[in-house]
Amino acid sequence: MVNQRVEQHITEGQRKKKRKKEGLIPRPACSWVYFSKEFIKEYIASHPESSGLKAATKAASDVWKSMSLEEKEKYSKHAREAWDGYLSSGAAPVPKPKKQTKLVTRCSPGRLFNVLQCLTPEQKEAVKCMGFGSLLGLRCQTLRRSLCLWLLERFDTTNCSLEICNEHMMLTPKDVEIVMGLSANGKEVVNSGPEDLILDLRNSYNATNHGISVRLLEERLATAEAGDDFKRSFILYVLGTLLSPTARLDVSPSFLHFLTNMDLVHQYNWGKFLLDRLVREISRFHQGKQRAVGGCLLFLQLFYYESISLEGASALVPYSVPYLFSWGEEEIAEREKREKELGGYGFGEPSSKKKCHSMNFPDYRNHPAGPSVSTESTRIGHGSLLEPESNEASLVFPGPELY
């Protein structure tokens with residue numbers, strides 16, 4: 001009884017498939033098929049001694065390969081006409097939309113923003129002394145992933161540039177300094193050395209093969225002290241959430257090599273470090289070696305906002321240095337709204353601004369009373385900043401007391 005039901009179910013399924021196939025119009029053949037049918041028919045008729053269809057098909061293939069485009073045009077035209085008729089009949093299947101790539105990243109400005117709000121005055125002073133005072137002015141809490149993915153598609157890792165609005169915009173450590181407020185001068189950050197020198201630090205941070213837990217660092221930063229342990233934990237946390245995040249929510253223990261002496265942290269070239277790590281991570285993403293994108297994508301996002309003007313390239317727009325101060329959630333939401341109104345990213349024009357050379361980034365970064373933030377017209381995105389014209393006046397506005 002059971003076997004009969006199974007056989008009946010199979011038979012009904014086969015009938016349904018057959019009816020479905022009968023209702024379909026077959027796809028038209030290609031030019032090679034029209035040629036081969038004609039050739040094989042003639043070949044078999046004229047070569048009765050041949051071994052059959054296999055020999056005829058091989059002969060047809062050899063002749064087809066030797067034919068010129070003009071000789072093939074007869075069959076190509078036939079195939080095009082058949083395909084046009086197939087499309088006009090409505091029998092062609094509707095192609096499925098391509099699945100949009102989703103950006104995966106651990107770059108989390110919002111996570112760092114939440115920690116910054118809980119720092120004590122003593123801890124903020126320690127952050128300034130290390131040269132990271134600009135991060136205290138972080139206002140952006142979310143990444144615009146669609147924009148970041150759009151920028152990644154236009155990032156050339158060979159010469160470290162973005163191709164936007166028909167221009168190749170070179171990126172340098174100086175651009176990192178202007179956007180993020182991190183020094184583009186000083187010693188190179190080297191995260192290698194004898195493992196025995198950082199063994200105690202690895203143990204204190206419970207470092208595993210995966211790395212140092214970001215959640216553990218959050219717990220450490222919740223304490224009230226502002227000494228070397230806080231400074232080290234803060235730098236590791238900034239690296240893992242903003243400056244050099246990886247695919248995991250962990251921080252590489254190799255960073256401990258340049259954090260053994262916290263008195264030297266302010267001497268490092270963090271601009272070059274950020275850019276080098278970003279290029280490396282994007283290169284690995286382009287090569288398909290990793291699904292998630294590491295590196296500081298917030299830098300790319302803010303660089304785009306400041307480099308591409310939606311109001312016209314000749315407009316002189318006041319700005320704050322670093323640009324990190326200028327972009328909060330409201331400003332970004334307004335910018336994204338304007339981008340959509342214009343039809344998407346890349347419909348603006350390269351902005352025209354000139355850098356104020358009276359500012360000395362390493363000096364004002366540690367200024368106890370906070371910096372003076374200059375605003376001028378500047379050109380960004382060509383690898384170097386143009387000298388200001390002598391007859392062009394600059395406006396100087398008091399900046400937030402963050403450094």
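Biologist: In which sense do strand β2 and strand β3 pair, and over how many bridges?

Modeller: Happy to start there, with the reminder that this is a predicted model. Strand β2 (residues 161–164) and strand β3 (residues 167–170) pair in the antiparallel sense, over four bridges. Two strands count as paired if there are at least two bridges between them, and four bridges are found here. L162 stands opposite M169 in β3.

Biologist: What do β2 and β3 form, and what is the phi of C165 in the turn?

Modeller: They form a hairpin, with two residues between the strands. C165, in the turn, has a positive phi of about 55°.

Biologist: How do you know that β1 and β2 pair?

Modeller: The cut-off is at least two bridges, and β1 and β2 have two bridges, in the antiparallel sense. F155 has L162 in β2 as its bridge partner.

Biologist: What is the order of the strands in the open sheet, and why do β1 and β3 stand at the edges?

Modeller: The open sheet has three strands in the order β1-β2-β3, with antiparallel pairing. β1 (155–156) and β3 each have a single partner strand, so one side of each has no neighbour in the sheet. Strands of a sheet pair through backbone hydrogen bonds, parallel or antiparallel.

Biologist: On to the helices. Why are α12 and α13 called roughly perpendicular?

Modeller: Helix α12 (residues 270–286) and helix α13 (residues 297–307) pack at an angle of about 100°, and their axes are 10 Å apart. Angles of 65 to 115 degrees count as roughly perpendicular, and α12 and α13 therefore get that label.

Biologist: What makes Q301 a buried residue?

Modeller: Q301 lies in helix α13. The cut-off for buried is under 20% relative accessible area, and Q301 is at 0%, so Q301 counts as buried. Leaving aside neighbours within four places in sequence, Q301 is in contact with C140, T142, L143, R144, L147, C148, L151 and I332.

Biologist: How do you know that L112 is buried, and which residues is L112 in contact with?

Modeller: L112 has its place in helix α5 (residues 109–116). With 0% relative accessibility, L112 counts as buried. Beyond neighbours within four places in sequence, its contacts are L135, L138, Y237, V238, T241 and L242. L112 and L138 are 26 residues apart in sequence and 8.7 Å apart in space, C-alpha to C-alpha.

Biologist: Which residues of helix α6 are buried, and what do they pack against?

Modeller: In α6 (residues 121–129) the buried residues are Q123, A126, V127 and K128. They pack against α10 (214–221) and α11 (228–243). After α6 comes G131, whose phi is positive, near 90°.

Biologist: Now the rings. How many aromatic pairs does the structure hold, and why is the pair of F255 and F273 called edge-to-face?

Modeller: The structure holds 22 aromatic pairs. F255 and F273 are 6.0 Å apart, centre to centre, with 75° between the planes. F255 lies in the loop between β5 (250–251) and α12, and F273 in helix α12, so the pair ties together parts that are 18 residues apart in sequence. F255 is buried at 2% relative accessible area, and F273 is buried at 6%.

Biologist: What makes F258 and F273 an edge-to-face pair?

Modeller: Their centres are 6.2 Å apart and their planes 70° apart, which gives an edge-to-face pair. F258, in the loop between β5 and α12, is 15 residues from F273. At 2% relative accessibility, F258 counts as buried.

Biologist: Which residues do ring pairs link into a cluster?

Modeller: The cluster consists of W32, F35, F39, Y43, W64 and Y75.

How values were computed:
Residues numbered from 1 in each chain as written. Predicted model: local features only at pLDDT ≥ 70, side-chain atom pairs only at ≥ 80, totals over all residues. Heavy atoms only, no water. Buried < 20%, exposed > 50% of the residue type's maximum accessible area, 1.4 Å probe, protein only. Contact = heavy atoms within 4.5 Å. Axes fitted to C-alpha atoms, helices over the stretch in contact; angles between N-to-C directions. Parallel < 35°, antiparallel > 145°, perpendicular 65-115°, else oblique. Phe/Tyr/Trp six-rings, centres within 6.5 Å; stacked < 30°, edge-to-face > 60°.
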